[in-house]
Amino acid sequence: MFETVTMALDWLGVVAFAITGALVASRKEMDLVGFALLGTVTGIGGGTLRDVLLGSPVFWVREPAYLVTCILVSGLVFFTAHIPQSRYRALLWLDAIGLALFAVAGAEKAALAGGNGIVAVAMGVITATFGGIIRDLLGGEVPVILSREIYVSAALAGAAAFTLVMTFDAPRELGIGTGFAIGLLVRAAALHRGWSLPRYRPRPGLPYNR
Amino acid sequence: MFETVTMALDWLGVVAFAITGALVASRKEMDLVGFALLGTVTGIGGGTLRDVLLGSPVFWVREPAYLVTCILVSGLVFFTAHIPQSRYRALLWLDAIGLALFAVAGAEKAALAGGNGIVAVAMGVITATFGGIIRDLLGGEVPVILSREIYVSAALAGAAAFTLVMTFDAPRELGIGTGFAIGLLVRAAALHRGWSLPRYRPRPGLPYNR
Amino acid sequence: MFETVTMALDWLGVVAFAITGALVASRKEMDLVGFALLGTVTGIGGGTLRDVLLGSPVFWVREPAYLVTCILVSGLVFFTAHIPQSRYRALLWLDAIGLALFAVAGAEKAALAGGNGIVAVAMGVITATFGGIIRDLLGGEVPVILSREIYVSAALAGAAAFTLVMTFDAPRELGIGTGFAIGLLVRAAALHRGWSLPRYRPRPGLPYNR
């Protein structure tokens, strides 16, 4: 049962991110294979990095159905991406859902692999953000982590909330639900209301040589 | 014997990609060490990623002669890159040969490591394309996967052809030869005749907000 | 004792690189979490890649204090980066110290893991340079390896000097000291005096098609 929930998170996150990768491919007017590559790399990138860092077998090597799903989803976007009128908006919201899902799934997998709380939170953030980072690097986009609104912080909030709840020996479903909800809410608020954290600002009156 | 053929593929692919890395270094007017770095990373990058994802020992850590070869090849390009009159053209053709070689070698190594057909094809594509992707990222070039002509598709065709032939218990040489020939032919046609797949195109008449 | 020296190198290198990551974040006017992400990725990136390539457990998964340190250091920079008048200069010098430390630490860890001399030198160079490479890619900066002055060569000199000294069964402290000093001196000379190696130059009079 627990396994099932974790796997469902992984699958949903993979699908959501695969769509965002394919949407970037549509913005670059790539061909079908380009869609499949960018969709797949985005869908499985964060989880792949997590598994490599944990020294676990990479999930999609054991379970190639993840690859097939990413390719099918990307193909679907290729033929239907003209339907949504605002593809960029859709990309951001799907990215938000994937971010919240992977923040929890990454933290959970790290905890199951024996990592302590800090490592679990770090793996949640890595799983949630590196699919999008790789997507933006390969697609020649401005990395989403440089965006003005809260992004990495939402993944951090979700992974930290999950890890915190689990330290109280709470039922796993509670931890997963709380982590997902907090991650998604924070990112949604950032998208909807333009929430942002205070940014570093050069102090006026001080000279800089660059 | 089979081992020998696989290793020969690997070596030729490494040399071809190392030259392309060094040619990018020549376009950026880097120094000798820059040539060695970019040549080596390009030559071994795809195979390194393949080995890490498969959980196999990284090939050049076991066999440092690969490193030495990349460095020597890059040095040779440093002193002779003024000879070919059209370095960019040479880069594209060597890249095509490396692409076809690695598509087969990557798929074969994954199959030997117990991966099923889908994983084998994916590893072929990864091995064939990520050396060039890393080269372009580090060298500040536009990623070759964004190019208009067929690129990733050629690696896919080669890896899929090899995997298909091998499912019929054909002799390995036949699979390797077929995969390599198909991969190279597809990419050569793309380079020579400008072959491309249909690209995603925004539908006219529909408004997009970006 | 030997363990202690190696660990001290690692710690100092991690701190130095984490600061450079945070300084790039300050140049991009990121928020506190952005500082922590970029500082951490830069601090642990090179060593992480080294461990993955060697097939060793990733150092910070076993010892999460590295993560905590990177986050704290990045936070410190967030609140004090306005103090140094020339943040870019500070970035370059800290980067030089981290480069020399990691060149030796990477080569030593590879040697301890059973790699031969060539692999040890390669791992020294990788550990020393990839933290900065990842930092520049994620931060949208021009990769430091494309800079005009000697950079990768300094890591190479340090790692090679360490490996050379160690082949004579010299005390480890001597090897570490020599490697660090040579790496730092070469990079410092490059920064201070603009040392550079001869660069590849297109020969005049020869036509190029690009």
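In this predicted model, A:S153 is in contact with A:V186, A:L197 and C:V33, when its neighbours within four places in sequence are left aside. A:S153 belongs to helix α7 of chain A, which covers residues 152-167. Because 23 C-beta neighbours are found inside 10 Å of A:S153, and 20 or more are required for the term, this residue counts as buried. A:V77, by contrast, stands 76 residues apart from A:S153 along the chain, and the C-alpha atoms of the two are separated by 29 Å.

Helix packing was examined next, beginning with chain A. The axes of helix α2 (residues 32-54) and helix α6 (residues 117-139) of chain A come within 8 Å and cross at roughly 140°, and α2(A) is therefore oblique to α6(A). The crossing of these two helices, α2(A) and α6(A), is right-handed. On the side of α2(A), the residues that make the contact include A:L38, A:V41, A:G43, A:G45, A:G46, A:G47 and A:R50, while those of α6(A) include A:M123, A:I126, A:F130, A:G131, A:G132 and A:R135. Sorted by class, the contact of α2(A) with α6(A) consists of ten nonpolar, ten polar and two charged residues.

In chain B, helix α2 (residues 32-54) was considered together with helix α4 (residues 65-80), and their axes come within 8 Å and cross at roughly 130°. The two helices, α2(B) and α4(B), are therefore oblique to each other, and α2(B) passes α4(B) in a right-handed crossing. Among the residues that make this contact are B:L32, B:F35, B:A36 and B:I44 of α2(B), together with B:Y66, B:L67, B:C70, B:I71 and B:F78 of α4(B). By class, the contact of α2(B) with α4(B) has eleven nonpolar and five polar residues, and no charged residues.

Backbone angles in two loops of chain C complete the description. Most residues other than glycine have a negative phi. C:E29, however, has a phi near 50°, which is a positive value in a residue other than glycine, and this residue lies in the loop between α1 (2-27) and α2 (32-54) of chain C. Because 13 other C-beta atoms lie within 10 Å of C:E29, the residue is classed as partly exposed. C:D169 likewise has a positive phi, near 55°, and is a residue other than glycine; C:D169 is found in the loop between α7 (152-167) and α8 (172-193) of chain C. With 7 other C-beta atoms within 10 Å, C:D169 is exposed, since a residue with 12 or fewer such atoms is placed in that class.

Methods:
Residues numbered from 1 in each chain as written. Chains lettered and ligands numbered in written order. Predicted model: local features only at pLDDT ≥ 70, side-chain atom pairs only at ≥ 80, totals over all residues. Axes fitted to C-alpha atoms, helices over the stretch in contact; angles between N-to-C directions. Helix = DSSP H or I, 4+ residues; strand = E, 2+ residues; numbered from the N terminus. Parallel < 35°, antiparallel > 145°, perpendicular 65-115°, else oblique. Left-handed = near helix turned anticlockwise from the far one by under 90°. Contact = placed C-beta atoms within 7 Å. Nonpolar A, V, L, I, M, F, W, Y, C, P; charged D, E, K, R; others polar.
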